[in-house]
Amino acid sequence: MPVFSITGDIDPFLHVSLAHGEKIYCESDAMVMMEAGLDLKGKITGGLGAALMRRFANGESFFQQHIEAVRSGGDCLLAPRLPGAMQVLDVGARQYLLSDGAFVAASDKVELKVRTQSLGNALFAQSGGFFITETAGVGQVAVSGFGAISQLEVTPGNDMIIDNAHVVAWDSTLRYEISVTTGSSGGFLGNLVNSQTSGEGMVLRFSGQGKILICSRNRAAFQLWTQRGAEQ
């Protein structure tokens with residue numbers, strides 16, 4: 001099985017070691033370097049329908065890069081689109097849901113499936129609209145976040161409320177729902193006003209047992225800040 005590891009402290013690379021015959025797939029512009037024993041091809045992973053669904057669900061490229069150790073084993077370095085940390089997740093006993101833009105690469109035995117989510121989450125969460133990406137199979141998947149990444153553990157009776165712009169990936173066994181405030185009273189309109197005045201926007205409430213990966217930076221807020229700076 002390909003070996004995934006993170007190399008570097010600031011804006012790190014994803015280092016992948018492949019034995020002869022092994023292969024991985026990654027986002028279309030992720031490859032930075034690969035040794036001569038490897039081949040790279042652009043492919044539609046899982047067929048046309050699956051590629052379209054992933055495009056809508058997670059903002060992925062229609063074509064993905066497939067890297068295979070054809071002539072001999074070798075190493076490659078991959079990098080995400082945005083500056084920030086990466087984390088490698090073991091898939092098999094646990095499966096994960098991925099936020100928009102989180103996917104970097106996966107071993108070929110890992111499948112990215114698309115499932116529907118509730119109307120409320122579809123309309124308000126930044127997680128693929130009516131569809132969201134979920135891992136399946138056995139292997140490793142690498143995800144990235146804008147800024148630093150931290151891991152949180154949710155336990156029964158100890159729900160966690162997280163700004164949805166900071167969520168990278170979470171255990172598929174967790175229950176989650178969208179909310180506009182951390183409060184529990186005041187009605188939808190009052191909570192919406194409180195959400196806007198507090199500057200928190202939409203949040204996700206997680207319950208059950210499992211882990212969540214969060215990132216330190218808000219991509220949309222950063223883009224807005226840079227646009228305002230350019231206009232001045």
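Partly exposed means a relative accessible area between the buried cut-off, under 20%, and the exposed cut-off, over 50%. Arg 205, at 34% relative accessibility, therefore counts as partly exposed. Keep in mind that this is a predicted model.

**Salt bridges**

- The structure holds five salt bridges. Side chains of opposite charge can pair when their charged atoms come close.
- Arg 205 pairs up with Asp 159 in a salt bridge, at 3.3 Å from N to O. Arg 205 sits in strand 18 (residues 203-207), while Asp 159 is in the loop between strand 14 (149-154) and strand 15 (160-163), so the pair ties together parts that are 46 residues apart in sequence. Asp 159 is partly exposed, with 33% relative accessibility.
- Asp 39 forms a salt bridge with Arg 71, and their closest N and O atoms are 2.7 Å apart. This pair links distant parts of the chain: Asp 39 is in strand 5 (residues 38-43), and Arg 71 is in the loop between strand 6 (64-69) and strand 7 (74-78), 32 residues apart. Asp 39 is partly exposed, at a relative accessible area of 24%.
- Asp 171 and Arg 94 meet through their side chains in another salt bridge, 3.4 Å from N to O. Here too the pair links distant parts of the chain, 77 residues apart, with Asp 171 in strand 16 (residues 167-171) and Arg 94 in the loop between strand 8 (86-91) and strand 9 (96-98).
- As for cover in that pair, Asp 171 is buried, with a relative accessible area of 3%, whereas Arg 94 is partly exposed at 33%.

**A buried serine**

- Ser 107 belongs to strand 10 (residues 103-107), and its 2% relative accessibility makes it count as buried.
- The Ser 107 side chain reaches the backbone nitrogen of Gln 140 at 3.0 Å.
- Leaving aside residues up to four places away in sequence, Ser 107 touches several others, including Pro 2, Phe 4, Tyr 25, Val 138 and Gln 140.

- Phe 13, Val 32 and Met 33 make a nonpolar surface patch of about 230 Å². Phe 13 is in strand 2 and is partly exposed, at 34% relative accessibility.
- Asp 11 lies in the loop between strand 1 (3-7) and strand 2 (13-18). Its phi is near 45°, a positive value in a residue other than glycine, and Asp 11 is partly exposed at 45% relative accessible area.

Methods: Residues are numbered from 1 along each chain as its sequence is written. This is a predicted model: local features need pLDDT of at least 70, side-chain atom pairs count only at pLDDT 80 or more; totals for chains, interfaces and linings use all residues. Side-chain values use heavy atoms; hydrogens and water are left out. Helices (H or I, at least four residues) and strands (E, at least two) are DSSP runs, numbered from the N terminus. Buried means under 20% relative accessible area, exposed over 50%, partly exposed in between (1.4 Å probe, protein chains only). A polar contact is a pair of N or O atoms within 3.5 Å; within protein, one must be able to donate a hydrogen and the other to accept it, and residues adjacent in sequence count only if both atoms are side-chain atoms. Contact means heavy atoms within 4.5 Å. Patches are made of residues with over 30% relative accessible area and no salt bridge: like charges are joined within 9 Å, nonpolar side chains (Val, Leu, Ile, Met, Phe, Trp, Tyr) within 5 Å. Accessible areas come from the Shrake-Rupley method with a 1.4 Å probe; for residues, only the protein chains shown count as cover. A salt bridge is a side-chain nitrogen of Lys or Arg within 4 Å of a carboxyl oxygen of Asp or Glu.
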